[in-house]
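Please look over the sequence and the structure shown here.

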Amino acid sequence: MLLAGAYFFFPLYAGLKFALQDTNGHFSFQAVRNLPSAPGFAGAFWLSMRLAVVTLIVSSILTVPTTIYVHLRLPRVRPILEFVTILPIVIPPIIIILGVLNSAPLWLRSSPYLLSLEYVILVMPFVFRSLDAGLNAIDLKTLVEASRSLGGNWIKTMWRVVLPNLRSSLLSAMMLTLALVLGEYTMANLDLWNTIPVWIVQFQTASDGHVQVAAAMLGLVGTWLIITLVVSLDRSGSRRSRRRTGRL
Amino acid sequence: MTFVSNVASGSDTGVSEPDATSTSSKRRLRKILRGSRPVLALAPFVIYTFLGLGIPTIAIVWAAFHTQQGQVTFANMHAALQGSYLLGFENSIKLALLTSIVPGVLGVFLAYAIETSRSTVLKRVVGTASGVLANFGGVNLTFMFIVSLGATGVLTGWLSVIHLNPWNFGFDLYTFYGVAIVYMYFQIPLMVLVITPALGGLRASWREAAQNLGASSWRYWRYVGIPVLMPSVLGGILLLFGSAFAAYATAQTLTSGIIALSPIQIGALLDGNVIANQANVGYAIGFGMLVILSVTMILYSLVRRRASKWLR
């Protein structure tokens, strides 16, 4: 147990230590401070952000209505959807990008947003599972019927009744999407776009290794925060549903 | 709440009544509209997935069996199963076996130790940490290991103070075993995540029943615990196998592509570091990987079915 703890904590410690050192080995925030002005960082950061936003939007528009519709009207299709959304886990990114670069039309291949479109595929398993769990936790049919019989139209029902009930699972889906997009290396590297992870690796050749490790550690801390947030959201969500079923 | 649901179910039963009064052509039109509604609603999702996932996969399979000029050929497959590419498959499979079985077994013990411990704080911390660490592969992880176990890393420094510098004993982070050590970092947490629900499904009453019938702890594990857990453990190991077999980012950034692994070779071929007329060999390797991964996943689903017999 202790050994396992050491194995898991040591690299974190070493990374932090290295990131918070200057080139002489003294403690300082120099590397972190130098990060924003490091050549190429701003461009990579901006590109990653744009990709993340586009991925979030496309993924929400595509997955949310489909999942809700299937839950409401076509529960028989759900296993099929479940199977389809597990495919991106079976077919790894390296294979997907290989096929995409072979088959995508040129105008799309020359745009960075091709990456976003593929990230939507990559995050599908997580987004679908998160939404699926959220929809299972609420009594969707009753909610929709109640809202409809009280005179709400479909848009109002979705916007004011269904989506607020899915808030925590939607949020966790989005956080996972963000974490994946900001950390994805395989596809971006092979599609030759300088996103943050690709930039970190290429910066290796440049002068200051501390800046590089600082960037990696920041990415790590960011992912950590995001996923911790998701887990705590999940927990508060399940607590609420438990309370609800307890009352019924 | 009960009032609302009564109204809702009431309106549900009365819904088909007004249809009877409308004319038959109108009814038919409505029927067609209603019948096509599921198709329309699912269409964007299906089309998107097909374009983004289906077509690329088909493209790989097609290109694997064609020359660049578009003639049918088995030369690509032939080339992919020879020399350095065959070595790539061998190394990938070996690496995946090593980094699925060892972390798989370790993960089970770790998960069991945590599951049986009484500290809820520990359980929660490990649960969260596993979720985080299992998603950690890639660039960030590589750098963490370089600064701890690299030639000038922190741990290497500490160990060399007591004259145990692993690099002096033939250790090298940028080799097969180095990659394996780094892979464990996300494979063990993944196994803990996968196996914890199964461990939770081992009912206390089974253990009590076994004890009442006079079974020792060893006999309980031999005849109850291990047989019940085995499918889940195997399933977890298969999952780890797939994840290690397909991983690209960690190995690529750690070794800058010097060890022969199938995903890295695909990347190199895609980057254009190729001998002429071998361009389509990359697709053949991709096809080979797809075959191996499909077999893994079919086995996984079979094992899962077996596992769900006892644990639900």
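## Chain A

How many helices and strands does chain A have? Chain A has 13 helices and 0 strands, where helices (H or I, at least four residues) and strands (E, at least two) are DSSP runs numbered from the N terminus. From the N terminus on, the elements of chain A read α-α-α-α-α-α-α-α-α-α-α-α-α.

This is a predicted model, in which local features need pLDDT of at least 70 and side-chain atom pairs count only at pLDDT 80 or more, while totals for chains, interfaces and linings use all residues. Residues are numbered from 1 along each chain as its sequence is written, and chains are lettered from A and ligands numbered from 1 in the order in which they are written.

Of the 248 residues in chain A, 40% are buried. A residue is buried if 20 or more other C-beta atoms lie within 10 Å of its own, exposed if 12 or fewer, and partly exposed in between, with C-beta atoms placed from the backbone. Two residues are in contact if their C-beta atoms, placed from the backbone, lie within 7 Å. Among the contacts in chain A with a separation of 6 or more, 78% are between residues 24 or more positions apart.

## Chain B

The secondary structure of chain B comes to 13 helices and 0 strands. Buried residues make up 38% of its 312 residues. Of the contacts in chain B with a separation of 6 or more, 78% join residues 24 or more positions apart.

The domain assignment of chain B gives domain 1 (22–64) and domain 2 (76–307); such bounds come from an automatic or database domain assignment. The centres of domain 1 and domain 2 of chain B, taken over C-alpha atoms, are separated by 38 Å. Contacts between the two involve 4 residues of domain 1 and 8 residues of domain 2 of chain B. The side of domain 1 that touches domain 2 has 4 nonpolar, no polar and no charged residues. Ala, Val, Leu, Ile, Met, Phe, Trp, Tyr, Cys and Pro count as nonpolar, Asp, Glu, Lys and Arg as charged, and the others, Gly among them, as polar.

## Where the chains meet

The contact between the chains takes 54 residues from chain B and 57 residues from chain A. On the side of chain B that touches chain A, helix 2 (residues 24–64) of chain B gives the most, with 15 residues. That side of chain B divides into 37 nonpolar, 16 polar and 1 charged residues.

Helix 5 (residues 93–103) of chain A is largely enclosed by the rest of the structure, because 9 of its 11 residues are buried. Including Ile94(A) and Asn102(A), the buried residues of helix 5 pack against helix 7 (113–137) and helix 11 (186–190) of chain A, and against helix 2, helix 10 (217–246), helix 12 and helix 13 (281–307) of chain B.

Pro263(B) lies in helix 12 (residues 262–271) of chain B. Pro263(B) counts as buried because it has 25 C-beta neighbours inside 10 Å. Leaving aside neighbours within four places in sequence, Pro263(B) is in contact with Ile94(A), Ala246(B), Ala247(B) and Tyr248(B).

## Confidence

The mean pLDDT of chain B is 78, and 87% of its residues reach 70 or more; pLDDT is the predictor's confidence in each residue, from 0 to 100. Over residues 1–20 of chain B the pLDDT is below 50, and this stretch has 10 contacts in the model beyond near neighbours in sequence. The model scores ipTM 0.75 and pTM 0.77.
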